[in-house]
Amino acid sequence: MLIRPFIGGLATYLPILSRASMRRTGGTDSAAYCYSVWLRHLVMAARNGLSTMPETVAELGPGDSLGIGLAALLSGARNYYALDAVKYADIKRNLLVFDELVELFRKRVPIPDESQFPALKPYLESYEFPGHILTKERLRSALQQTRLDAIKAALAALGRDRVYHQQIAYFAPWDDPALLQQNSVDMIYSQAVLEHVDDLERTYRMLSRWLKSDGFMSHQVDFKSHGSAVEWNGHWTYSDFAWTVIRGKRPYLLNRQPHSVHLNLLTKNGLQIVCDQRHTTTSGVTRQQLARRFQHLSDEDLKTSSAFVQAVKTVCPGSTS
């Protein structure tokens with residue numbers, strides 16, 4: 001058992017370190033990374049028979065960077081909603097990312113692959129620029145200078161306006177079902193975020209509420225311990241009390257929910273799973289080492305270290321949160 005995670009959790013009760021933990025996220029301000037993430041979700045949508053022209057997209061947990069959503073806008077989306085627990089994004093830095101993204105799309109740069117981002121998933125069969133999706137005609141329309149100016153103005157306005165400006169909305173905190181209109185979003189996506197959400201059941205219920213009928217979710221979820229244990233799945237060996245100490249006063253850490261829980265919640269909230277691309281790793285712990293609350297984990301859950309899941313909304317569940 002690592003001692004460092006316990007020390008780190010206790011240290012968050014010190015005022016200076018607690019404030020520092022609120023300022024740091026797992027986000028990235030790399031335009032190439034954001035470009036790669038968005039195009040991977042888009043390519044996988046095409047592969048799974050989903051819409052590749054969503055008009056309104058929402059991102060859960062953008063962190064420091066709104067770059068993935070900006071890439072969606074540069075692909076032709078009309079509206080982008082950023083949903084986060086805490087307002088982290090640096091608008092000045094995101095303006096620079098926007099300019100870099102414009103050049104990547106104009107040059108039709110191939111999707112950055114494992115040689116540049118070895119840990120980034122989902123993996124693709126081909127990393128060529130998806131010209132079959134983002135045709136020259138579509139990009140010509142999406143990258144018109146008047147449109148670029150309008151998006152950039154909307155992004156700059158986020159630094160002045162509290163929440164909303166025409167094409168871009170930034171909600172932090174986001175967990176109010178009244179923030180967005182029911183059945184108003186075409187695509188909701190996240191990248192290595194849903195493993196950090198505390199109330200996972202309510203989150204899926206709210207996301208489904210906002211999603212249009214035939215809209216879809218696209219999520220990359222990481223089930224690993226994020227350095228909280230020696231083994232990649234060692235976080236499932238900690239008791240609830242030990243995990244409370246490790247988390248400390250951080251606004252979020254890991255919810256420790258396995259792969260099957262996500263699939264069940266998607267189905268429960270009226271979504272049909274059309275893609276479940278699992279990445280498996282040999283379990284680093286024995287079943288006897290698991291904490292009591294995780295003794296029920298299936299063999300599949302115990303070795304699923306990440307998954308890329310896409311699901312389309314087919315049923316409208318209840319509208320309450």
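**Figure 1. Arg256 and its salt-bridge partner Asp240.** Arg256 is buried, with a relative accessibility of 4%, in this predicted model. Its side chain forms a salt bridge with Asp240, and the closest N and O atoms are 3.3 Å apart. Asp240 is partly exposed, at a relative accessible area of 43%.

**Figure 2. A network of salt bridges.** Three residues, Asp240, Arg256 and Arg293, are linked in a network of salt bridges. Within this group, Arg256 counts as buried and Asp240 as partly exposed.

**Figure 3. The salt bridge between Arg247 and Asp198.** The closest N and O atoms of Arg247 and Asp198 are 2.7 Å apart. This pair links distant parts of the chain, 49 residues apart: Arg247 is in helix H9 (residues 240–247), and Asp198 is in the loop between strand E5 (185–191) and helix H8 (200–210). Arg247 has a relative accessibility of 19% and therefore counts as buried, because buried means under 20%. Asp198, by contrast, is partly exposed, with a relative accessible area of 47%.

**Figure 4. The salt bridge between Arg93 and Glu100.** The side chains of Arg93 and Glu100 meet in a salt bridge, with an N to O distance of 3.9 Å. Arg93 counts as partly exposed at 25% relative accessibility, and Glu100 counts as partly exposed at 35%. The model has a count of 13 salt bridges.

Methods. Residues are numbered from 1 along each chain as its sequence is written. This is a predicted model: local features need pLDDT of at least 70, side-chain atom pairs count only at pLDDT 80 or more; totals for chains, interfaces and linings use all residues. Side-chain values use heavy atoms; hydrogens and water are left out. A salt bridge is a side-chain nitrogen of Lys or Arg within 4 Å of a carboxyl oxygen of Asp or Glu. Buried means under 20% relative accessible area, exposed over 50%, partly exposed in between (1.4 Å probe, protein chains only). Helices (H or I, at least four residues) and strands (E, at least two) are DSSP runs, numbered from the N terminus.
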